[in-house]
Structure formats: structure tokens, C-alpha cells
Amino acid sequence: MATDKQTLRIGLIGFGCVGQGLYDILQQRPETGFEVARIAVKNPTKPRSLPLSQFDFHADDLLHDPSLDVLVEVIDDAAEAFRLVSEALRQGRRVVTANKAMLARHLPELVQLQRQAGGTLLYEAAVCGSIPIIRTLDAYFGAEPLRSVTGILNGSSNYVLTRMGEEGSDYAPALAEAQAKGFAETDPTLDMGAFDPRSKAVILAAHAYGTFLQPEEVLNLGIEQINAVDIAFAATLGRKIKVVAGLQRLPDGRVTALVTPLFVAPESPLYSVDHEFNGVLIEADFAGEQFLQGRGAGGHPTGSAVLADLAAIRQGYSYHYPKLTTSSPTYATDLELEIYLRTDEDRLIDALDFTEISEEADEDGYVVGYVALSNLLRVKELIQKFGAFVVRTGAVRPLTATTSALELEESL
Ligand SMILES: NC(=O)c1ccc[n+]([C@@H]2O[C@H](COP(=O)([O-])OP(=O)(O)OC[C@H]3O[C@@H](n4cnc5c(N)ncnc54)[C@H](OP(=O)(O)O)[C@@H]3O)[C@@H](O)[C@H]2O)c1
């Protein structure tokens, strides 16, 4: 195994946006002491920026090469990534990954594998690209209770919202621009439907609170149906619509997680996080508020986070998951959220079963009021199906009434 002075030999699995970003950084900075010794990709006929002789087409060969000190997994296939990463950890190897979908689905198992076989898995690049949020939560705030962790965790949807909200673009061209600039995932639904930031919220919950969540437990509402009425409504409030992932400790000690569009006020540091940028606000019991902002995607910013993990691995660092204890807080969904719902579909309003309505504008087709979180989780697909759009106001309160959305949903 390499010591501090030696160059670490990297096995790089995946040579797309992130893999090439890392490769380029290491070429520009040979003094960092990392050498990309082998590269595995999938498609043997694809044109490459390096000679073909530099590529392997079977990632398993890298997995079983003992001369490699660290494996970097940056492929776009979550199931295959899990197979490769879990096998490497079973061998007690040191691995860096950027695959948030894989981590969100399998984190408990991956933590267990590290503990069993003594391997290390770092994944700073998986959440907010270049922003050092995971190590900040795991190492720096490992001992301090956190009130909340709130962030814009998806650069593509934030780019689209900025282009629409402040620059007057329509949805489709704004999304096409985000894709052309390389911010968007291969499948845009992951970004625009808020599945990508939901994965990141699940990862953050493990480090911020020691709570393992399954992605499906967390409400994610996207922006595919946003239109000019919604933007105009936000403007009348003096707010911007942003997709915000919020983890919050409740007064009874449980935690909740929500990933939805939110009306963000100018006083919030998230208000000025625009275009492809990401931002995370940490509220700690003793430190108070801290805010991190930076580039959440792209080859170099994400490659920079992978480089930081490689440097940490060289120093023998691994995540401690300090909040993962037998008394880790449980997950709460028995809450009501205040939402703005824009729809012309009465059946949806019925299905959501508002417990209180504070504003209703028939001509613009919107309602503002409180609904049970469980109802939003149940009728999430209907919101999409009916072309409706939901924005949270930010108000959350304990559940005040039992709801009947399940029955209503069945009648639709
Ligand atoms: N792009 C970003 O800004 C960003 C930011 C944060 C995290 N991430 C995450 O980083 C990962 C990689 O993203 P990306 O944007 O770099 O993807 P990408 O540009 O689509 O590249 C994917 C790479 O993985 C390779 N690959 C796929 N399946 C493989 C397999 N079974 N064996 C070997 N190689 C395989 C592909 O091979 P071929 O070249 O042969 O097609 C390609 O080189 C994803 O998990 C993504 O969510 C990306």
C-alpha cells in the first residue's frame, strides 16, 4: 500500500463528464501525487479523447487488480455502480464514488460493508459537486446537534428556474440550455422531477442526523409543470421559486425531509443562489447559521470533489457517521404543509383534502392552504398527471386532522 510520499495508483471506472474532469485535473496537477493507472469504460466503439490502448472495457478487471491503490467509480448506471462498489468494499478496498442514486438506495449496506471488511468509501462529489458538505457534516459538525440543513441541491432545475423567473425564458428552451451546458443528468426527469435532489437529501440525512431514509419515503415535487402564473404569483409575494431540499429537526426530536419547490424570501441566503449554482444552509445549535455556495455540477467542480476525497483517503480519512447511533432520530411524516396549488382540477383539490384554505383564486386556478404530508405523498403522481404545480410556503405544523385522500384517490 502506498505511503504518504508515494504516488497513488487510481483505477478510474467511467470516463464521461466527471471521469474526464478528474483526469484533466490530475494531468494539470501531477504534483498532487495521483496517477490514473487504468481507465474502464463501457462502449468499445465510442470515439475517445485518449488513445484506445488506454482503456479497459471490463470494470471487473480493475476491481481485481491489486496494484491499484484506489478505485474511482463515476459511471452513470446506479445498479452496476452498486455491484462494483459493494464488491470492492467486500475486498476491503478504498473507493470514491459520485453516484448519489446508488448511495441513496444502498447507504446502510455500504456503511455495513465498510465496517465489516475495513474498506473506505468517500462520496463528496455525490452531493452538490464542489461544495464540501458531507465532510463538513460528518467531521466538523459530527458532535453538534443540527436544527436544519436546507439547500438548493440541483443545478439544472435551479438553472431553469433562474432563466424562467428572472430572465423571462419558457420552460422547454431553458431545459434545453441546461442540457446543452452539461448540467443535466442523462434523464432530465431526475433533475426536473426532483429525484436527484431527493437522493442527495437522503445522503445528507445520514450525516446530519444519523437517520437512514429510503428515497420513496421523502416527498419530492418537481418543476415540470411550472408556468407563468406561478412565477407571477411568486413575484407578488416578492419571492423566488426554488427547488429546496429541507431536513429539519422537529420540537419532539424527530426529523423530517422535504424536497419541493419553495417560495424563497430575499432574506434567505438561498434567494441569490442562481443558475447552476448550489447552496446549503446549516443551522447548528451552537454555531448558528453557516452557508456554503458553489458549483454543484460539471466536470471540473465534480472532479475537484473527487480529488479532495482522494487526498483525504491518502491521509487515512473515512467517514465516521457520528450521529448514526441507536438513538438516532426517527423520521416524521405526520405533518401538515402549507402549499400553493395551481390547478383547474377540482378532483385534485378534493384528493389533497385541505385542512385549511387561506386563499382561493378561481380565475387563476390556485389555492393556498394546509394539506397533510401523507396526502401529498399519496397523490404525487396525480399532481403531475393533471399538469398541476405545487410550491411550499415553508410553513409546517403538526397534523390536525385525519385525511381521506386514499379513498379519494381511488375514485379518480
Ligand atoms: N455530471 C456531473 O456534473 C455530475 C455531478 C455530480 C455527480 N455526478 C454523478 O457522477 C456519475 C457519472 O456522471 P457523468 O456525468 O460523468 O456520466 P457520463 O458523462 O454519462 O459518463 C458515464 C461514463 O460511465 C461509463 N460507464 C457506464 N457504464 C459502465 C460500465 N458498466 N463499466 C464501465 N464504464 C461504464 C460510460 O462509458 P462509455 O464512455 O463507454 O459510454 C461513461 O464513460 C453519475 O453517478 C452522476 O450522477 C455527475
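Leaving aside its neighbours within four places in sequence, which residues is Ile133 in contact with? In this predicted model, the list runs Glu124, Val127, Cys128, Leu204, Val280, Ile282 and Leu292. Ile133 belongs to the largest nonpolar core, which has 109 residues, and together with Tyr123 it touches the most other members. There's also a second, separate core of 24 residues, with Leu221, Leu337, Phe354 and Leu373 among them.

Now let's turn to charges. Side chains of opposite charge can pair when their charged atoms come close. Searching the whole structure turns up 24 salt bridges. Take Arg38 and Asp65, whose side chains meet in one at 2.9 Å, N to O. Arg38 sits in strand E2, while Asp65 is in the loop between helix H2 and strand E4, so this pair ties together parts 27 residues apart in sequence. Arg38 is partly exposed at 21% relative accessible area, whereas Asp65 is buried at 11%.

Next, look at Arg342 and Asp230, which form a salt bridge with their closest N and O atoms 2.8 Å apart. This pair links distant parts of the chain, strand E13 and helix H10, 112 residues apart. Arg342 counts as buried at 9% relative accessibility, and Asp230 counts as buried too, at 0%.

Strand E13 also holds Glu336, while Arg397 lies in strand E16, so their pairing ties together parts 61 residues apart in sequence. The two side chains meet in a salt bridge at 2.9 Å, N to O. Glu336 is buried, with a relative accessible area of 0%, but Arg397 is partly exposed, at 21%.

Finally, some salt bridges share partners: Glu166, Lys240, Lys242 and Asp274 are joined this way into one network.

Conventions
Residues are numbered from 1 along each chain as its sequence is written. This is a predicted model: local features need pLDDT of at least 70, side-chain atom pairs count only at pLDDT 80 or more; totals for chains, interfaces and linings use all residues. Side-chain values use heavy atoms; hydrogens and water are left out. A nonpolar core is a set of buried Ala, Val, Leu, Ile, Met, Phe, Trp, Tyr and Cys residues joined through side-chain atoms within 4.5 Å. Buried means under 20% relative accessible area, exposed over 50%, partly exposed in between (1.4 Å probe, protein chains only). Contact means heavy atoms within 4.5 Å. A salt bridge is a side-chain nitrogen of Lys or Arg within 4 Å of a carboxyl oxygen of Asp or Glu. Helices (H or I, at least four residues) and strands (E, at least two) are DSSP runs, numbered from the N terminus.
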